[in-house]
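Work through the exercises below with the sequence and the model side by side. Try each task before reading its solution.

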Amino acid sequence: MIEKGVYSRLSTDSTLTAIVGTKIFAGRIEQEVSPPFVMFWRVSGSRPDSLTGHNGMTRANIQVDCFATTYGQIKAINDAVRLRLDGFKGTMGTEEAKACRMTGEREYYDQEAELFISSLDFSIWYVETTS
């Protein structure tokens, strides 16, 4: 499961964990968490076939949402996430990532929550394990 690999890549980055600590979540957050924190999930993907059927290559589109109380903090989190994932090739959890590219970036300020929020989109091509 590529999500475990994404979590591993993010949670072992010293620059990112210096800002958010252990507050990196896959999917939804179970409890109320104070910022800064990072949350991600797989928003879509595909398993393209070749003429002989599925060849094991899989694409996952991962959205990483970052939350912070200051603009400087959100920019630092964005940079840490981008540098950790964009361009990565290699083992990602139990999967072999062939390409990881950032495909989009958005940021805004939520006045009601008083939070800076950014979303970073990544497309990850990997060889899916069968076990």
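A salt bridge here is a side-chain nitrogen of Lys or Arg within 4 Å of a carboxyl oxygen of Asp or Glu. The model is predicted, so local features need pLDDT of at least 70 and side-chain atom pairs count only at pLDDT 80 or more, while totals for chains, interfaces and linings use all residues. Residues are numbered from 1 along each chain as its sequence is written, and side-chain values use heavy atoms, with hydrogens and water left out.

**Exercise 1. Salt bridges**

Task: find how many salt bridges the whole structure has, and place each one.

Solution: 
- Step 1. Start with the count: a search of the whole structure finds 3 salt bridges.
- Step 2. Take E107 and K75, whose side chains meet at 3.3 Å, N to O. E107 sits in strand β7 and K75 in helix α3, 32 residues apart, so the pair links distant parts of the chain. Helices (H or I, at least four residues) and strands (E, at least two) are DSSP runs, numbered from the N terminus.
- Step 3. Check exposure. Buried means under 20% relative accessible area, exposed over 50%, and partly exposed in between (1.4 Å probe, protein chains only). E107 counts as partly exposed because its relative accessibility is 33%. K75 is partly exposed too, at 30%.
- Step 4. Move to R82 and D79, which meet in a salt bridge at 3.4 Å, N to O. Both lie in helix α3, 3 residues apart, about one turn of the helix. R82 is partly exposed at 30% relative accessibility, and D79 is partly exposed at 36%.
- Step 5. Finish with D121 and R106: their closest N and O atoms are 2.6 Å apart. This pair also links distant parts of the chain, with D121 in strand β8 and R106 in strand β7, 15 residues apart. D121 counts as buried because its relative accessibility is 18%. R106, at 37%, counts as partly exposed.

**Exercise 2. Helix α3**

Solution: 
- Step 1. List the buried residues of α3: I74, I77, N78, A80, V81, R84 and L85.
- Step 2. Go past the end: G87 follows α3 and has a positive phi, near 85°.

**Exercise 3. Strand β8**

Task: which strands pair with β8, and is β8 mostly covered or open?

Solution: 
- Step 1. Two strands pair if DSSP finds at least two bridges between them.
- Step 2. Strand β5 (residues 57-68) pairs with β8 in the antiparallel sense over 12 bridges. Here F67 has I117 of β8 as its bridge partner.
- Step 3. Strand β7 (residues 95-110) is also antiparallel to β8, over 13 bridges. Y109 has F116 of β8 as its bridge partner.
- Step 4. The hairpin of β7 and β8 has 4 residues between the strands, and E114 there takes a positive phi near 55°.
- Step 5. Strand β8 (residues 115-127) is mostly covered, with 11 of its 13 residues buried.
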